Amino acid sequence: MRRTAPTLVLTGGQVLTVDGDFTVTEGVAVRGREILAAGTDAEMRALAGPRTRLVELGGRTVLPGINDSHLHGAAYGMTKPPFAIDVAHPAVGSIADIAAVVRRAAATARPGEWIIGLGWDPGYLAECLADPRRFPHRRDLDAVAPHHPVCLTDFSSHMVWANSEALRRCGIDAATTPLPGGVVDRDTDGEPTGILREAAQRLVQAALPAPTVAQRRRAIQGVVSELHTRGITSYTEPGLGPGGTGTLFGGLSTDNWTAYAELAAAGELHARVSVLLLPAPMGGSADDLLKGLEELRRPESADPRRLHAIGVKIFADGVPPNRTAWMHEPYRDGGHGALCVHGDSPALQVEELREMIGLAHRAGFQLGVHVTGDRAIDTVVDAFVAANTAAPRRDARHYVIHGDFIGVGSLAKLAAHGYGVNMNPAIKWTISDLMDEVVGPERSACQWPVRTAIEAGVPVCASSDAPITEPDWRQGVAAMMLRESKASGRTSGPEQRVTLADALRAYTATPAWQDFADDWKGTLQPGKAADLCVLDRPLLDLDPHEITDVQVDLTVLDGTVVHER
């Protein structure tokens, strides 16, 4: 008896299966929710039945559904109107531009209403470029919104710019002591400038109005629809839970889990979302983590292939552009950064961080640790190894999140223990020139050493970290292949360039591994989930500079077309 014909056949193109051999073939067949076969044009056509939809590719490329393995979906949705104003480059190019945007928002806001925005970057503000000593200040915002509290989160989400009314409402003045792991910038007279870094952001963010669960659902649905236009069918939501209290745009991140869970239960979550739970805030302690883990109880979802709480996130240090990543060698203008966990000294912080990692490991969670400086990375990787030595686990798949300045020693340890790293090539493209100023050109060239990591045998995922950058895998792939700067086009670390195959694996097959889902998604092989996207042109042999111009013509999730251009 003949088996049921495929529901969808795509043929006459470049099908990049992204399997272990990076097999390239001409067509792919889908039956129901699974890949039925991949093969030649003749083989795929022979499978088609009278009710099969046949898509003539005409040489276009088919890829597995893209998996953005570190994307703050709920937060990204909340960065868009009506929830927030856009103060990112290229929408603004100066402090004066930002002031004008805030002035317009204040003119239409209710009396005393918060004005919230996201995305400002001193590396693209004319005044800061003209004078390195010039930095955004509360007075810039006071002049245009004296009676509205203003909170503008920077592009990295590690720094807040607030006006005087916001500081007043939150009780922040010259006597304020920052939270552990936080910095309050001050004038020469000791008064806050309005810039709050790392954990100190929470002094203002805790006061922001919290969106309702219904608003969060709408924001997530808007994001998922946008992701479909980019060929993205899976993403990791990194940080929902009690530790999210007072983070981006206020409220409990548990509300975000509720929004996701309600969408999944209603059959309205049209993406595969893996969640890292956040049991303790930045600057927290082992006690905070333990309490948070007890409260988590690993929430369940209606469909684990659509929504799955897979692990735990911990913050170890800050970010290099803010000089808050913990480095072995000092920054060009001094200082080494620091860990952002509880402790009165670096040694005590190291012990606290090791205990936090050990607690989460023993609790059976996968660990994703935000860590960027080389000294902090070495500390985290050693803590992974120590935790597994004390309580062996066969396949924990812990990973370093960001891992900007990871060294060969830590890469070797990750590889030896089956652990991974999640890197951000589009951020490298964005901040390449800035990092020359922060750490010097030699160290900047080594930021995100993708090729070294792959050659060391470490599973490497690439991600956008949206809303830090746009959730655009095309820019990430181009950045991995070119290592060029957004601002100047200058090359930084050309020896870290990788092939198209390696770059695509970092957005498909390897993120499936990170999700513990490599047995059922991430490649175009028989039996795998029918998640795929069709590009508008052949991708093989395309000049990497043209990859960002590629459009997604078709996106399929679970065998269903969710986007068609």
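Modeller: What follows starts with the aromatic rings and then turns to charges over rings, sheets, helix packing and the backbone.

The model is predicted, and every value below is computed from its atoms. A pair of aromatic rings is described by the distance of the centres and the angle of the planes. With ring centres required to lie within 6.5 Å, the count comes to three aromatic pairs. One of them is formed by tryptophan 120 and tryptophan 161, whose ring centres are 5.4 Å apart and whose planes make an angle of 70°. Since planes over 60 degrees apart count as edge-to-face, this pair of tryptophan 120 and tryptophan 161 is edge-to-face. Tryptophan 120 belongs to strand β10 (residues 115-120) and tryptophan 161 to strand β12 (residues 159-162), so their contact ties together parts that are 41 residues apart in sequence. Both tryptophan 120 and tryptophan 161 are buried. Ring pairs also bring in a phenylalanine here, as Trp120, Phe135 and Trp161 are linked by them into a cluster.

Another aromatic pair joins phenylalanine 384 and tyrosine 419, again edge-to-face, with 5.5 Å from centre to centre and 75° between the planes. Phenylalanine 384 sits in helix α12 (residues 374-390), whereas tyrosine 419 is in the loop between α13 (408-417) and β20 (420-423), so this pair ties together parts that are 35 residues apart in sequence. Because buried means under 20% relative accessible area, phenylalanine 384 counts as buried at 0% relative accessibility, and tyrosine 419 counts as buried at 2%.

Aromatic rings also take part in contacts with charged side chains. Arginine 305 lies over the face of tryptophan 520, at 4.1 Å from the ring centre, and lysine 486 lies over the face of tyrosine 124, at 5.0 Å from the ring centre.

Turning to the strands, an open sheet of six strands with mixed pairing runs in the order β3-β2-β7-β22-β23-β24. Its edges are β3 (24-25) and β24 (560-564), each of which has a single partner strand, so one side of each is left without a neighbour in the sheet. Within this order, strand β7 (residues 61-64) and strand β22 (residues 532-535) run antiparallel and are joined by three bridges. Among the residues involved is proline 64, whose bridge partner in β22 is leucine 532.

An open sheet of four strands, also with mixed pairing, has the order β5-β4-β1-β6. Here the edge strands are β5 (34-39) and β6 (53-56), each pairing on one side only, and from one strand to the next the twist averages 15°. Strand β4 (residues 27-31) runs antiparallel to β5, and five bridges join the two; alanine 29 has alanine 37 as its bridge partner in β5.

For the helices, two packed helices are described by the angle between their axes and the distance between the axes. Helix α14 (residues 425-439) packs against helix α17 (residues 473-482) at an angle of about 70°, with the axes 7 Å apart. Because angles of 65 to 115 degrees count as roughly perpendicular, α14 and α17 are roughly perpendicular to each other, and their crossing is left-handed.

In the loop between β21 (460-462) and α17 lies proline 467, which is joined to alanine 466 by a cis peptide bond with omega of about 10°. In the loop between α17 and α18 (500-505) is arginine 483, where phi is near 55°, a positive value in a residue other than glycine. Arginine 483 is buried, with a relative accessible area of 4%.

A cis peptide bond with omega of about 10° joins histidine 89 and proline 90, and proline 90 is in the loop between β9 (85-86) and α3 (95-108). Glutamate 198, placed in strand β14 (residues 192-198), has a positive phi near 50° although it is a residue other than glycine. At 2% relative accessibility, glutamate 198 counts as buried.

Key. Residues numbered from 1 in each chain as written. Predicted model: local features only at pLDDT ≥ 70, side-chain atom pairs only at ≥ 80, totals over all residues. Heavy atoms only, no water. Phe/Tyr/Trp six-rings, centres within 6.5 Å; stacked < 30°, edge-to-face > 60°. Buried < 20%, exposed > 50% of the residue type's maximum accessible area, 1.4 Å probe, protein only. Lys NZ or Arg CZ within 6 Å of the ring centre and 35° of its normal. Pairing = 2+ DSSP bridges. Axes fitted to C-alpha atoms, helices over the stretch in contact; angles between N-to-C directions. Parallel < 35°, antiparallel > 145°, perpendicular 65-115°, else oblique. Left-handed = near helix turned anticlockwise from the far one by under 90°.
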